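Thanks for coming, everyone. Have a look at the structure first, and then I'll walk you through it.

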Amino acid sequence: MLIYLVEDDNSIRELVAYTLHSAGFEAEGFEKPSAFWRACAERRPDLVLLDLMLPGIPGETVLGEIRSNGKLPVIVLTAKDSLDDKVQVLIDGADDYITKPFEN
């Protein structure tokens with residue numbers, strides 16, 4: 001299973017990718033949506049983990065573009081934790097919503 005992680009925070013991106021690799025998944029992280037889109041053109045992932053607060057383009061916009069291109073599963077990983085944010089992103093097509101910081 002190939003998982004793409006779109007996350008601008010290097011430490012979080014590396015931690016999540018390391019954890020996924022340790023669990024037996026193939027994972028690749030991207031700091032910017034543009035690099036993510038280039039990778040998608042070469043190889044479609046099985047799952048996308050998407051931060052909402054990205055440089056240059058909001059994650060909500062990236063989610064909308066993913067949805068306009070098919071039904072690729074997307075789990076949002078973000079520090080945005082208001083109920084309104086969660087509901088809107090799920091309405092917009094996210095499959096799940098996990099808030100940072102992560103807990104055990």
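Predicted model: local features only at pLDDT ≥ 70, side-chain atom pairs only at ≥ 80, totals over all residues.

Residues are numbered from 1 along each chain as its sequence is written, and side-chain values use heavy atoms, with hydrogens and water left out.

Salt bridges, then. Searching the whole structure turns up six of them. Take Glu-7 and Lys-100. Their side chains meet in a salt bridge at 2.6 Å, N to O. Glu-7 sits in the loop between S1 and helix H1 (10–22), and Lys-100 in the segment after strand S5 (96–99), so this pair ties together parts that are 93 residues apart in sequence. Helices and strands are DSSP runs numbered from the N terminus: H or I with at least four residues for helices, E with at least two for strands.

Are Glu-7 and Lys-100 buried or exposed? Both are buried. The cut-offs: buried is under 20% relative accessible area, exposed is over 50%, and partly exposed is in between, with a 1.4 Å probe and protein chains only. Lys-100 has a relative accessible area of 14%.

Lys-100 has another partner. It forms a salt bridge with Asp-51, and the closest N and O atoms are 3.5 Å apart. Asp-51 lies in the loop between strand S3 (47–50) and helix H3 (59–68), while Lys-100 is in the segment after S5, so here the linked parts are 49 residues apart in sequence. Asp-51 counts as buried, at 3% relative accessibility.

Next, Lys-71 and Asp-95. Their side chains form a salt bridge at 3.4 Å, N to O. Lys-71 is in the loop between H3 and strand S4 (74–78), and Asp-95 is in the loop between H4 and S5, so the pair joins parts that are 24 residues apart in sequence. Lys-71 is exposed, with a relative accessible area of 57%. Asp-95 is partly exposed, at 40%.

Now aromatics. There are four aromatic pairs in the whole structure. Tyr-4 and Phe-36 make an edge-to-face pair, 6.1 Å centre to centre, with 85° between the planes. The criteria: rings of Phe, Tyr and Trp (its six-membered ring) pair if their centres lie within 6.5 Å; planes under 30 degrees apart are stacked, over 60 edge-to-face, and the rest tilted. Tyr-4 lies in strand S1 (residues 2–6) and Phe-36 in helix H2 (residues 33–42), so the pair ties together parts that are 32 residues apart in sequence.

Phe-30 is buried at 6% relative accessible area, and Phe-36 is buried at 0%.

Out to the surface. Leu-83, Val-87 and Ile-91 form a nonpolar patch, with about 320 Å² of accessible area together. Patch members have over 30% relative accessible area and no salt bridge; like charges are joined within 9 Å, nonpolar side chains (Val, Leu, Ile, Met, Phe, Trp, Tyr) within 5 Å. Areas are Shrake-Rupley with a 1.4 Å probe, and for residues only the protein chains shown count as cover. Leu-83 lies in helix H4. Ile-91 is in helix H4 too, which covers residues 83–91. Leu-83 is exposed at 63% relative accessibility, and Ile-91 is exposed at 61%.

Finally, the whole chain. It has four helices and five strands. The order along the sequence is β-α-β-α-β-α-β-α-β. The radius of gyration is 13 Å, close to the 13 Å from the globule rule for 104 residues, so the chain is as compact as a globular protein of that length. That radius is taken over C-alpha atoms, and the rule is 2.2 Å times the number of residues to the power 0.38. Buried residues make up 38% of the 104.

Note on methods
Salt bridge = Lys/Arg side-chain N within 4 Å of Asp/Glu carboxyl O.
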